[in-house]
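Dear colleague,

Please find below the structure that I am handing over to you, together with its sequence. My findings follow directly after it.

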Amino acid sequence: MDAAACWYESQELDGAICLLREPYVNSFARCNIWLVRGSDRNLLIDSGTGLSPLAPVLTAIDGRPLIALATHIHFDHVGALHEFSDRRAHGAEAAAFATMPDEVTLAHLFRELEQPVTELPADGWTAEEYRVRPAPIAMTLADGDRLDLGNRHLIALHVPGHSKDSIALFEEQTGVLFSGDALYDGELIDSFPSSDVSEYRATMERLRELDISIGHGGHGPSFNNARKNVLIEEYLAGRREQGCPGGG
Ligand SMILES: [Zn+2]
Ligand SMILES: [Zn+2]
């Protein structure tokens, strides 16, 4: 297959937000990749597994300057980050982006999947060779930092729990929330070595206070404010504390 062109599927949501996904990647490791177009620059939120070049696909969509942001350092969200220069992430794991060690990216979980992909990203590709390429961070983000796309402005929220460095992005003007793996409509995971349940609960209480128009998570379908609050209440009630498939 012509990997770069065919590896990703894209879906335009409202003319300014595009969802890209990797349909041939095992659903455990298939994250939502979001492209937000602004008048001055675009924002890429997560970059997938990196099994196939992502930058050429985005250039074909739109040639504006691009901020490439990682909602957190797990392999399924940072695999293609090295392809971009303006790389941003929360500071909690910033040093690890320079080397992308398995114990932080959890890339070994992908290598260990029974069927990591249903199509090969390149001839002769094997899962054993999978590593996340180093992608040193150009600018670290802290809670409250603003991302200026020209006509759109998003605020970074530090939302630890799933991972130490999880960030969400909220656009006050429109109520759009990009929540990474902190919150999505699926089994949430708080059992990784860097997960912290008490921090996760505090994150959920914070997200409950947000009034959103739509939430775009790191996995699964998008959700409205009512569904967001159901997901949060289920987690806080202890019914979503031991997730497995659906998100890494
Ligand atoms: Zn994750
Ligand atoms: Zn994930």
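Leaving aside neighbours within four places in sequence, Ile67 is in contact with Arg41, Asn42, Leu43, Leu44, Asp86, Arg88, Leu147 and Leu149. Please bear in mind throughout that this is a predicted model. Ile67 belongs to strand 5, which covers residues 66-69. With a relative accessibility of 2%, Ile67 counts as buried, because the cut-off for that term is under 20%. Between the C-alpha atoms of Ile67 and Ala168, which are 101 residues apart along the chain, the separation is 15 Å.

Strand 5 runs parallel to strand 6, and two bridges join them. Ala68 has Arg87 of strand 6 as its bridge partner. Strand 6 in turn pairs with strand 7 (residues 139-141), again in the parallel sense, over three bridges. Here Arg88 is bridged to Met139 in strand 7.

Strand 11 (residues 176-180) is largely enclosed by the rest of the structure, because five of its five residues are buried. Val176, Phe178 and Gly180 point one way from strand 11, whereas Leu177 and Ser179 point the other way. Strand 10 and strand 11 run antiparallel and are joined by three bridges. Glu171 stands opposite Val176 of strand 11. The hairpin that these two strands form has four residues between the strands, and Gly175 in this hairpin takes a positive phi near 75 degrees. Strand 11 also pairs with strand 12, in this case in the parallel sense and over four bridges. Phe178 has His216 in strand 12 as its bridge partner. Together with helix 6, strand 11 and strand 12 make a right-handed β-α-β unit.

I turn next to the metal site. Which residues hold the zinc ion (ligand 2)? Its protein donors are Asp76 (OD), His77 (NE2), Asp181 (OD) and His219 (NE2), at 2.1 to 2.4 Å from the ion. Along the chain these donors follow the spacing D-H-x103-D-x37-H. The arrangement around this zinc ion (ligand 2) is irregular, because the four donor atoms subtend angles of 88 to 157 degrees, and a tetrahedral assignment requires all angles to lie between 85 and 135 degrees. For comparison, the ideal angle for four tetrahedral donors is 109.5 degrees. The zinc ion (ligand 2) lies 3.5 Å from the zinc ion (ligand 1), and Asp181 coordinates both.

In soluble globular proteins, nonpolar side chains tend to be buried together. In the present model, the largest nonpolar core holds 61 residues, of which Phe75, Phe97 and Phe110 touch the most other members. Among the elements that give two or more residues to this core are strand 2 (17-21), strand 3 (33-37), helix 2 (55-61), helix 3 and helix 6 (197-209). Helix 7 provides the largest share, four residues. Apart from this core lies another of 17 residues, including Ile17, Leu147, Leu154 and Ile167. Beyond residues up to four places away in sequence, Phe75 touches Phe28, Ala29, Gly48, Thr49, Thr105, Leu106, Ala107, Phe110, Tyr130 and Val132.

Finally, two backbone angles should be noted. Most residues other than glycine have a negative phi. Met100, however, has a positive phi near 50 degrees. Met100 lies in the loop between strand 6 (87-90) and helix 4 (102-105), and Met100 is buried, with a relative accessible area of 3%. Leu106 likewise has a positive phi, near 65 degrees. Leu106 is placed in the loop between helix 4 and helix 5, and Leu106 is buried, with a relative accessible area of 6%.

With kind regards

How values were computed:
Residues are numbered from 1 along each chain as its sequence is written. Chains are lettered from A and ligands numbered from 1 in the order in which they are written. This is a predicted model: local features need pLDDT of at least 70, side-chain atom pairs count only at pLDDT 80 or more; totals for chains, interfaces and linings use all residues. Side-chain values use heavy atoms; hydrogens and water are left out. Donors are N, O and S atoms within 2.8 Å of the metal (3.2 Å for Na, K and Ca); water is not among the atoms, so sites may look incomplete. Four donors count as tetrahedral if all angles lie between 85 and 135 degrees; four count as square planar and six as octahedral if opposite donors are over 155 degrees apart and all others between 65 and 115; anything else is irregular. A nonpolar core is a set of buried Ala, Val, Leu, Ile, Met, Phe, Trp, Tyr and Cys residues joined through side-chain atoms within 4.5 Å. Buried means under 20% relative accessible area, exposed over 50%, partly exposed in between (1.4 Å probe, protein chains only). Contact means heavy atoms within 4.5 Å. Two strands pair if DSSP finds at least two bridges between them. A crossover is right-handed if, with the strands pointing away from the viewer, the path from the first strand over the helix to the second runs clockwise.
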